[in-house]
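Visitor: Please take me through one part of this model at close range. I would like to look at the packing of the nonpolar core and the aromatic rings around it.

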Amino acid sequence: MFLLLCVCVCTLLLGGEAQDRATLLRGNDRSGRCQYTFTVPSPAESSCPQTGGPEMEGLKARLSLLEVLVARLTGREMGAGGAGSGPQLTGLQEALAQARGEKSLLQGEKERLQQDMEGLQRRVEEMRRETEKLRNKPCPQQVPMMSPPSSPLQDSSLAGPSGGSSSLSHLMARPNSQGDTSSLRDPGWEYGSRGFQEFKAEVTEVPAPEDRTGCGDLVSVGEPVSHRKADSIAGKYGVWMQDPEAVQPYGPQMVWRIDTVGSEVRQLFGYEDMDQLSKGFPSKVLLLPEPVESTGATLFRGSLYYQRRRSRTILRYDLASESIAARRDLPHAGFHGQFPYSWGGYTDVDLGVDEQGLWAIYSTNKARGAIVLSQLDPHSLEVRRSWETGIRKVSVANAFVICGRLYTLASYTSPNTTINYMYDTATSQTTPLALPFINKYRYNSMVDYNPAQRKLFAWDNFHIVSYDVRMGRQQQA
């Protein structure tokens, strides 16, 4: 602004005849404001031919123009200074709105958890009342279907003078000194004909025959066995694996683990066996070349299969060469929160292994959020065949594949939940189930099947756990 002002003043001075005698001064007044002073010779001087005239009028016009220019330049500086604070204010407002949104989400999650807890408390109270009711309910008396005929000897020795059998029944149902109202009848003492005896049948539950070698339906899941708790917040969610068909240089006892909390998850920890895992002593730490997305990784034939972060790309990482051996996009698969499990965590693509090979559990826009199950080629990652199940992926907490059958878990937080659906790829049919399943630590973020161990591996709220499974015999066609 000062440069423009100088140019204007010079132009003004050069345009007048008395510019050699005019002076321009700039300084601050008492209040600290900038003040410009323009001085010309007075009319009393002999050099000034007259007191007015065209020169004076022109000078006044130039001064007026100068004041207008100074006012405009001052206004622009003030406007520019005010505009600089606009983006900062906008950024603060956006941050405040985001914080309020996160607060609302957390409040909604808190309310939902509170409702779940109240529902569980109601269920516990109902079960307690039902238990008390059953305890207080007396056992029904057994009434014989037909009274046996009495012989004269029995009548003379057992019957009373006025009430024969009724007095005997009263005697046998009389409470003892401890208040027990059970019958006093000796089971070894019989009266009457043996042809009219009433026999009590005992019902014994016979378990379904178990198939420990082949494939059959899932019959039950055992209680969780804890192996280790993660050391840091990075291990709240994770995935742990054993290769069901291990190859050199790592054996079948080798255990692998990935902590999946973080934006750049790339560390793969290896342990020589389950004992070293429980002690927390890794024998191998590998740095993956590309980051991992969520808890859907799996191991098969010496390779780690996982989803690359923020993409639908599946990677095959060879453990022996410590490099990416294959990569392929899973066709039309949702990713990074489009079709996750009910617990979230960007679990859009879940990889697993069973007796029939490598599987991918995901969904697409065409399937409208329903689970799509695809069998993959372990070497090239090509899709061999796909099934659209009709089970909404966001409505289930997790899923795994056993013997070509997809099983889904109803809840990831309820301590006593169920395996609620089974989809059979052989028949393309969905069957509702109610197999009990225990979430011991109430936040199960990973459930996978290991066909070699015939166990379910899970990651439950910092805890590495496993479940035994029992399979029924496969029905012959």
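Guide: Helices and strands here are DSSP runs, numbered from the N terminus; a helix needs at least four residues and a strand at least two. On that basis the protein has five helices and 23 strands. The model is predicted. Its mean pLDDT is 80, and 71% of the residues reach 70 or more. One stretch calls for caution: over residues 147–206 the pLDDT is below 50. That stretch still has 31 contacts in the model beyond near neighbours in sequence. Where pLDDT is low, the predicted coordinates should not be read in detail.

Now the core. The largest nonpolar core has 29 residues. Those that touch the most other members are Trp240, Met241, Trp256, Leu268, Leu304, Tyr306 and Leu319. Six strands each supply at least two residues of this core: S5 (238–242), S6 (255–259), S7 (267–271), S10 (303–307), S11 (313–318) and S22 (455–460). Across the whole protein of 477 residues, 35% count as buried.

Next, the rings. The structure holds nine aromatic pairs. Take Trp240 and Phe457. Their ring centres are 4.0 Å apart and their planes lie at 10°. Planes under 30 degrees apart count as stacked, so this pair is stacked. The two partners come from distant parts of the chain: Trp240 sits in strand S5 and Phe457 in strand S22, 217 residues apart. Trp240 has 1% relative accessibility, so Trp240 counts as buried. Phe457, at 4%, counts as buried too.

Among contacts between residues at least 6 apart in sequence, 51% join residues at least 24 apart.

Other rings deserve a look. Tyr237, Trp343, Tyr412 and Tyr443 form one aromatic cluster. Lys236 lies over the face of Tyr443, a member of that cluster, at 4.7 Å from the ring centre. Elsewhere, Arg257 places its charged end over the ring of Phe269, 6.0 Å from the centre.

Last, the surface. The protein exposes about 29,400 Å², and carbon and sulfur atoms supply 53% of that area.

Technical notes
Residues are numbered from 1 along each chain as its sequence is written. This is a predicted model: local features need pLDDT of at least 70, side-chain atom pairs count only at pLDDT 80 or more; totals for chains, interfaces and linings use all residues. Side-chain values use heavy atoms; hydrogens and water are left out. A nonpolar core is a set of buried Ala, Val, Leu, Ile, Met, Phe, Trp, Tyr and Cys residues joined through side-chain atoms within 4.5 Å. Buried means under 20% relative accessible area, exposed over 50%, partly exposed in between (1.4 Å probe, protein chains only). Rings of Phe, Tyr and Trp (its six-membered ring) pair if their centres lie within 6.5 Å; planes under 30 degrees apart count as stacked, over 60 as edge-to-face and the rest as tilted. A charge sits over a ring if NZ of Lys or CZ of Arg is within 6 Å of the ring centre and within 35 degrees of the ring normal. pLDDT is the predictor's confidence in each residue, from 0 to 100. Contact means heavy atoms within 4.5 Å. Accessible areas come from the Shrake-Rupley method with a 1.4 Å probe; for residues, only the protein chains shown count as cover.
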